Amino acid sequence: MSHVVFEPEKCPDKAARVWAGMREIARRIHSLDPDLLIIATNDHLNNFTLALQAPFIVGVADEYIPLGDMGIPKTPFPGSREFADGFVRFAATAGFDVARAEEIAPDHGFAFPNLVVNPGGRVPVLPFYINVANDIPPTPARVWALGGVLRDFITRERVERVVVLGAGGLSHWLCEPEQGRVNEAFDRMVIGKIVSGRGRELAGLTSEEIRRDAGRSGLEVMHWIFAAATVPHARGEEIFYEPMPEWITGMGGIALTP
Amino acid sequence: MSPAPYRVHRLIQDLNRDPRLVVTFESEPETVFAQYGITDAERLLLREGTPRALMELGVHPNLQMKFLRIRRAAGVGGGPSPLASYLRDLAQGK
């Protein structure tokens with residue numbers, strides 16, 4: 001689902017539907033009673049800057065304190081070191097050298113969806129960063145493949161009940177000349193493919209195609225692709241979708257069950 | 001649109017992390033520009049500091065947001081959080 005919201009005043013009806021959809025996703029996650037919540041997202045050059053651009057980073061800390069951007073409370077919440085380290089070791093045997101991060105102050109890309117779906121930080125989390133803000137982002141094919149590695153790790157090596165949340169925006173051209181444009185056709189294409197069990201087709205896109213059709217910030221759909229790859233044949237349903245030029249983005253959320 | 005040179009991005013990244021640098025930048029911008037090797041043409045656009053100027057310079061979108069926020073904060077304050085009403089809902093368990 002999208003990982004941020006904006007002031008409701010400009011479009012109260014749409015905002016109410018988006019917020020209700022996010023709360024519905026929270027309700028469904030709560031009802032699954034997970035042992036671990038993995039949120040795939042991106043940092044907005046707060047923790048990982050252009051000084052060193054790693055494509056994939058997982059948080060391995062015991063605890064996180066949000067950065068506090070956008071007024072998000074700096075309330076600590078628990079991490080999952082043993083799971084995270086186990087995944088990094090597993091991925092290294094499966095063709096992925098994933099970076100480990102001990103010190104992350106999650107910005108809104110992680111902290112807001114976590115606040116919505118995991119109130120009180122009751123479920124330990126694993127921050128999974130797909131660095132689409134990099135000058136050279138990872139390809140959708142690699143993102144899909146890494147989602148498959150996570151699936152293999154969970155199904156072969158672990159006993160926990162795990163929820164994977166892909167948290168990122170659909171089409172938006174933040175701080176680009178096209179800012180304000182929303183490509184509803186692209187957004188609905190992404191949602192349609194994933195909920196019909198054809199998410200793998202999105203792995204055939206290039207980063208350049210996503211930038212063209214969804215904007216640079218629309219590369220955040222990689223997080224949706226990653227989450228879909230952890231349940232590659234699952235079908236699901238659209239929980240909400242709103243094209244919102246008022247918020248300069250398409251807003252959406254879906255649910256997949258293996 | 002070509003990306004801005006890394007020196008421009010490095011300056012904004014450091015401003016985002018270092019409140020003392022922000023204070024120096026507010027009072028002695030030319031000194032800070034010189035420290036980061038910012039050219040005259042780049043200084044012109046950063047001094048203008050509008051979304052159009054930052055786009056023309058090729059500043060990364062996330063860093064445009066930070067530079068605009070830093071300049072706003074130096075003027076009239078950062079403004080309310082766009083999440084305020086939602087955070088109230090969550091805090092009240094709605």
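Is A:Ile248 buried or exposed, and how many C-beta neighbours does it have inside 10 Å?

Author: A:Ile248 counts as buried, because it has 21 C-beta neighbours inside 10 Å. (Buried means 20 or more other C-beta atoms within 10 Å, exposed means 12 or fewer, and partly exposed is in between, with C-beta atoms placed from the backbone.) Bear in mind that this is a predicted model: local features need pLDDT of at least 70 and side-chain atom pairs pLDDT 80 or more, while totals for chains, interfaces and linings use all residues. Residues are numbered from 1 along each chain as written, with chains lettered from A and ligands numbered from 1 in written order.

Where does A:Ile248 sit? You'll find it in the loop between β8 (236-244) and β9 (249-256) of chain A.

A:Met70 counts as partly exposed, because it has 18 C-beta neighbours inside 10 Å.

Hop over to chain B and look at B:Leu63, which belongs to helix α6 (residues 61-75). B:Leu63 is buried, since 25 other C-beta atoms lie within 10 Å. Setting aside neighbours within four places in sequence, B:Leu63 is in contact (C-beta atoms within 7 Å) with B:His9, B:Ile12, B:Gln13 and, from chain A, A:Leu45. Take B:Ile12: it is 51 residues from B:Leu63 in sequence, but their C-alpha atoms are 6.5 Å apart in space.

That link to A:Leu45 brings us to where the chains meet. Chain A puts in 25 residues and chain B 20. On chain A's side, helix α3 (residues 108-117) gives the most, with 3 residues. That side of chain A divides into 17 nonpolar, 4 polar and 4 charged residues. (Nonpolar covers Ala, Val, Leu, Ile, Met, Phe, Trp, Tyr, Cys and Pro; charged covers Asp, Glu, Lys and Arg; the others, Gly among them, are polar.)

Finally, a look within chain A at a pair of packed helices. Helix α4 (residues 140-157) and helix α7 (residues 221-229) of chain A pack at about 35 degrees, their axes 7 Å apart. (Axes are lines fitted to C-alpha atoms over the stretch in contact, and angles run from 0 to 180 degrees between N-to-C directions.) Among the residues making this contact are A:Trp144 and A:Arg151 of α4(A), plus A:Met222 and A:Phe226 of α7(A). The residues of this contact split into 9 nonpolar, 2 polar and 1 charged.

Terms used
Two residues are in contact if their C-beta atoms, placed from the backbone, lie within 7 Å. Helices (H or I, at least four residues) and strands (E, at least two) are DSSP runs, numbered from the N terminus.
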